[in-house]
Each structure stands twice: as structure tokens, then as C-alpha cells.
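Let's take a walk through the open spaces in this protein and see what surrounds them. Have the sequence and the 3D view at hand.

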Amino acid sequence: MAAKWNMKGALIGACSCDWGCPCSFDAPPTKGSCEGGYVWQITEGRFADVPLGGLALAWLAHSPAALHKGNVTGLTLIDEKADAAQRAALVKVSAGKSGGPWMIFSAVTAYPLGPKYVPFEISANGLESRVRIGSIYEVQLGPILNPVNGTPEEIYLDKPTGFTSKRLTLGASKVMRLKSEFEKLNYDHSGQYGEFSHFDYAGETES
């Protein structure tokens, strides 16, 4: 029996690329490889009759080249406060077989890791957003600063074809660190690209 799902909320992203992230423009990553990921704070949503509001999940990755070329190592983290039914729902959605951006992430991931259930601390407030996920991941956003006078720049990217969100607020990461037991998923790219957006996804999967 098919189950419909939907979720809305805030999306916080950061990676190793320079500000603006060439991937947003279908160009190769700044450094050839790409490391980073996304954190989704779900403000409202359901998987069939299972409520998802108030939960969070993350996907953090290492890509040896442009993401679309594949061979990606990706780690899924799920909010530990989710109950058994909510965990099962988020595992199904993040497996990438029922819609949302995880369909693309799943298609390019050669080495899927997790899910791991960990505590999430999220303050979603535009380019002042902060995230701490247990002792594994930390990100703090900030604005891109004008190199001449040091004032914050206000920059947006409207992308109707975007698969994570349709309008991004472009910024920088003041802090972006990942520390895990997986060899390729240990890095610090503080001071590189960061973004904030709102997401609205829906899909259908087997319940």
C-alpha cells in the first residue's frame, strides 16, 4: 500500500567550495572534489499518519569529483528524539526511492553510511543559523563580507529547477566541521560556502 509524505522547513547547507558554490551553476567544484552536506529542520510534515514536525535529519558527504559523477560517500544522520515510527519514516524517505532530493543523493552515492541516531541542536535563522549534531557535525553560517569595506552582502539565488530548494540565501560558513569514525568523513571547511533556504517536498512510497 502506497503512503504519501510531505515536509516543510529550513535547510542549512555548507561545503568546501568558494562562495556561491559552482555546483549551483552546473560547474565543477572549486577544488575538484566536494565535501559538505545539508541539515533539514522539519517544521511540519507527515509520512502517512506519522507526524514529522519538530524533527531533523542530515546528509553529509565526500565526493571525489563533481557530485553528479557519483562515487560519493554519504552519511545519513537522524534526530534521536524520533520515535520508532518516525525513525522508520525518515529512513524510508532518506533512502531516496520516494521523492525529494534524496533520490538524487541516493543515485550518486556509492558508499551509503548510517543512519545514525544522534541529538540535533538547530537555531534556524537565515545566515545566523547554527547547527550542532552530537559530537559529529557543527556548522555556523554568516554573511559574505564585502572585501573593501567589510559590510555584509545580501545575495540570493533563484533557481526554479533546484532540487533541494528554489531560492537560496547565499553566505559563508563561520564554522563547518565534521568528525566521524569514517575515514573520508572528517574535514573542516570553516570559512567556505554556506547557504540557507526553505524547503517544501512531497512524495509517495510503499508504507
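Around the second largest pocket, the lining residues split into eight nonpolar, six polar and no charged. Keep in mind that this is a predicted model. The space in this second largest pocket comes to about 230 Å³. To find the pocket on screen, go to Thr76, Ser94, Ala95, Pro112 and Leu113, which are the closest to its centre out of the 14 residues that line it. Two or more lining residues come from each of strand S5 (72–79), helix H1 (84–94), helix H2 and strand S6 (109–118). Which element gives the largest share of that lining? It's S6, with five residues.

Now move over to the largest pocket, which holds about 740 Å³ of space. Here the lining runs to 36 residues, and Cys23, Ser24, Tyr38, Leu67 and Phe163 are the ones that lie nearest the centre. As for elements, strand S1 (2–15), strand S2 (34–47), strand S4 (56–63), helix H2 (102–108) and strand S13 (193–206) each put two or more residues into this lining. S2 gives the most, with five residues.

Technical notes:
Residues numbered from 1 in each chain as written. Predicted model: local features only at pLDDT ≥ 70, side-chain atom pairs only at ≥ 80, totals over all residues. Heavy atoms only, no water. 1 Å grid on protein atoms, 1.4 Å probe; cavity = no way out; pocket = protein on both sides within 12 Å on 5 of 7 lines; lining within 4 Å. Points joined across faces, edges and corners; volume = space filled by probe spheres on them. Helix = DSSP H or I, 4+ residues; strand = E, 2+ residues; numbered from the N terminus. Nonpolar A, V, L, I, M, F, W, Y, C, P; charged D, E, K, R; others polar.
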